[in-house]
Amino acid sequence: MGKIAVVGIGPGNSDMMTLQAKKVLEDSDIIVGYKAYTELVRDEYAHKEFYENGMRGEVERCQKCVELARDGKNVALICSGDAGVYGMASLVMELAEKENFTDIEVVPGVTAALSGAACLGAPLSHDFCIISLSDLLTPWEVIEKRLNSAAEGDFCIAIYNPSSHKRVDHLKKACEILMRKLPGDTACGYVRNIGRAACTQKVCTLSELVEEQVDMFTTVFVGNSKTKILDGKLVTPRGYNI
Ligand SMILES: C[S@@+](CC[C@H](N)C(=O)[O-])C[C@H]1O[C@@H](n2cnc3c(N)ncnc32)[C@H](O)[C@@H]1O
């Protein structure tokens with residue numbers, strides 16, 4: 001019997017992958033993943049066997065991992081960022097439990113909230129939350145409730161899945177919800193393609209963010225009431241008296 005490692009590969013650049021993740025990929029017999037992610041590691045692990053499939057193929061991908069491990073392979077199921085943050089770790093564990101397969105290890109990776117925050121400065125230096133705007137698996141009412149609660153609690157917010165081909169106006173809707181409670185001059189920003197060749201970023205206010213067009217390769221940041229823009233960077237003070 002083989003085993004499954006669910007591996008977060010970080011935002012995309014090999015330098016941002018942990019040494020543990022690299023070792024697990026090197027020790028695996030087969031690397032499994034969504035094809036946009038297998039492309040990111042294919043050159044470095046060209047000597048490995050790969051199994052990849054497309055978007056919406058998550059259940060089939062995880063089932064394949066259990067099947068391969070049962071056949072004796074050491075499987076590395078890769079996810080971008082961290083595998084436990086909107087990744088495959090929970091799904092593969094749920095599926096494996098149904099089949100009494102227990103040999104699963106989760107290997108952490110640098111999630112987009114953290115790698116994106118580092119690009120912009122220090123926006124998450126105080127209490128923060130991550131909210132995904134994807135309503136594929138979560139009803140929009142729940143997302144709206146969480147946005148409201150985050151604004152009410154004065155959390156810094158990292159927003160994942162701000163847009164997609166079918167949901168181009170989700171960030172605008174989210175900003176409008178946040179602006180019921182937060183002032184328009186709240187410091188915000190976003191980073192596209194973190195850790196990849198075409199990385200771009202912008203710092204702006206919430207009332208500017210509402211008009212911005214971003215895509216699904218972007219992570220958005222909304223500061224708390226103390227977050228400021230210092231020399232073009234987003235900074236959320238921890239509260240030191242200086
Ligand atoms: C399904 S979630 C996966 C998150 C991933 N497991 C992580 O921990 O970063 C996909 C969303 O993560 C964010 N994301 C992931 N990788 C990114 C990157 N390299 N640059 C910018 N945003 C990224 C985007 O908001 C994207 O829509």
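K172 and E211 form a salt bridge in this predicted model, with 4.0 Å between their closest N and O atoms. K172 belongs to helix α7, while E211 sits in the loop between α8 (206–209) and β11 (218–222), so the pair ties together parts that are 39 residues apart in sequence. The structure holds 14 salt bridges.

- K172 is partly exposed, its relative accessible area being 35%.
- E211 has a relative accessible area of 54% and counts as exposed, because exposed means over 50%.
- Side chains of opposite charge can pair when their charged atoms come close.

**The pair E144 and R180**

- A salt bridge joins E144 to R180, and 3.6 Å separates the closest N and O atoms.
- With a relative accessible area of 25%, E144 is partly exposed.
- R180, by contrast, is exposed, with a relative accessible area of 58%.

- R42 makes a salt bridge with E52, in which the closest N and O atoms are 2.7 Å apart.
- This pair links distant parts of the chain, 10 residues apart: R42 is in helix α2 (residues 35–42) and E52 is in strand β3 (residues 49–53).
- R42 has 27% relative accessibility and counts as partly exposed.
- E52 is also partly exposed, and its relative accessible area is 31%.
- A network of salt bridges links R42 and E52 with E39.

**The buried side of helix α7**

- The buried residues in α7 include H170, L171 and A174, and C175, I177 and L178 are buried as well.
- These residues lie on the same side of α7, because they cover an arc of only 160° around the axis.
- An α-helix has 3.6 residues a turn, so residues three or four places apart point the same way.
- The helices against which the buried residues of α7 pack are α6 and α8.
- They also pack against the strands β8 (156–160) and β11.

**The cavity**

- Rolling a probe the size of a water molecule over the atoms shows where empty space is left.
- Searching the whole structure turns up one cavity of 30 Å³ or more.
- The largest cavity contains about 50 Å³ of space.
- Its lining is made up of I9, G12, N13, S14, M17, L40, V41 and E44.
- By type, the lining residues are four nonpolar, three polar and one charged.

**D15 and its loop**

- D15 is found in the loop between β1 (4–8) and α1 (19–27).
- D15 is exposed, with a relative accessible area of 70%.
- The C-alpha atom of D15 is 8.7 Å from that of G195, although the two residues are 180 residues apart along the chain.

Conventions: Residues are numbered from 1 along each chain as its sequence is written. This is a predicted model: local features need pLDDT of at least 70, side-chain atom pairs count only at pLDDT 80 or more; totals for chains, interfaces and linings use all residues. Side-chain values use heavy atoms; hydrogens and water are left out. On a 1 Å grid over the protein atoms alone, a cavity is a set of points where a 1.4 Å probe fits but cannot get out, and a pocket is an open set with protein on both sides within 12 Å along at least five of seven lines; lining residues have an atom within 4 Å of a point. Grid points are joined across faces, edges and corners, and a volume is the space filled by probe spheres set on the points. Ala, Val, Leu, Ile, Met, Phe, Trp, Tyr, Cys and Pro count as nonpolar, Asp, Glu, Lys and Arg as charged, and the others, Gly among them, as polar. A salt bridge is a side-chain nitrogen of Lys or Arg within 4 Å of a carboxyl oxygen of Asp or Glu. Helices (H or I, at least four residues) and strands (E, at least two) are DSSP runs, numbered from the N terminus. Buried means under 20% relative accessible area, exposed over 50%, partly exposed in between (1.4 Å probe, protein chains only). The arc is that of the directions from the helix axis to the C-beta atoms. Contact means heavy atoms within 4.5 Å.
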